[in-house]
Amino acid sequence: MLTRKIKLWDINAHITCRLCSGYLIDATTVTECLHTFCRSCLVKYLEENNTCPTCRIVIHQSHPLQYIGHDRTMQDIVYKLVPGLQEAEMRKQREFYHKLGMEVPGDIKGETCSAKQHLDPHRNGETKADDSSNKEAAEEKQEEDNDYHRSDEQVSICLECNSSKLRGLKRKWIRCSAQATVLHLKKFIAKKLNLSSFNELDILCNEEILGKDHTLKFVVVTRWRFKKAPLLLHYRPKMDLL
């Protein structure tokens, strides 16, 4: 089968952000038209606009941030196509945390484990990983798999009910990964309150309804940046917006 090489320049238009002209970082897609931008660029743009920067379609008259979502597939494609981009971004994030004197979250530390190797005389000089090192690496990998995001950046949350139609949670203080989304919180609350569907809930921050695809890190950065922990969120029965 014949293969044809494609230059990165030829596909740049599909993997760059229209707002900053750089490669997509934390790719975020508008659900209405499926155009993709860097999350920070799009959030800043939507603070004063409610239309898509590319096609100018109205995303939502009053709550455009509810209709954007993280595009993990697109971000994975960009990182695979552009050599060194992911490593450079991780390095910038580590430098940012160090500059502020904050602990670097586990998911961007970039720590890797390497197994010690030695020559095996019975295999004509081929390298063979030390069995004990391999065993230790496997055990560490198993521990990481069972960690359930405890090494991620964590967010402390207080979940308050602001409706007489629902009861409050017995334990309203929780701590979870910053990568968890509002949808995860909806499912958690619905399970605790024995609701038939998590779609019956709205979650609010500063009296603004949050989109289900917003990560908690995104909520903290955009709506709780200069306030002290915990992040205060309210839940109530879903209200249909006309």
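What pLDDT does the chain average, and what share of the residues score at least 70? I looked this up before anything else, since the model is predicted. The chain average is 81, and 79% of the residues reach a score of at least 70.

**Confidence by element.** I then went through the elements of the chain. Strand β2, residues 36-38, has the highest mean pLDDT, at 95. The lowest mean, 38, belongs to strand β4, residues 117-119. I noted that pLDDT stays below 50 over residues 111-130. Beyond near neighbours in sequence, I find 21 contacts for this stretch in the model.

**Helix pair.** Next I looked up how α1 (residues 8-15) packs with α3 (residues 72-81). The angle is about 155° and the axes are 12 Å apart. I recorded the crossing of α1 past α3 as left-handed. On the α1 side, the contact is made by Leu 8, Ile 11, His 14 and Ile 15. On the α3 side I listed Met 74, Val 78 and Leu 81. Sorted by class, the contact of α1 with α3 has six nonpolar residues, one polar residue and no charged ones.

**Annotated span.** Last, I checked the UniProt record, an unreviewed entry. Its annotation "domain: RING-type" covers residues 17-56. In the model, I find the end C-alpha atoms of residues 17-56 lying 15 Å apart. I noted 20% helix and 18% strand for the span.

Note on methods. Residues numbered from 1 in each chain as written. Predicted model: local features only at pLDDT ≥ 70, side-chain atom pairs only at ≥ 80, totals over all residues. Heavy atoms only, no water. pLDDT = per-residue confidence, 0-100. Helix = DSSP H or I, 4+ residues; strand = E, 2+ residues; numbered from the N terminus. Contact = heavy atoms within 4.5 Å. Axes fitted to C-alpha atoms, helices over the stretch in contact; angles between N-to-C directions. Left-handed = near helix turned anticlockwise from the far one by under 90°. Nonpolar A, V, L, I, M, F, W, Y, C, P; charged D, E, K, R; others polar. UniProt positions renumbered as here; feature names shortened; annotations may be inferred.
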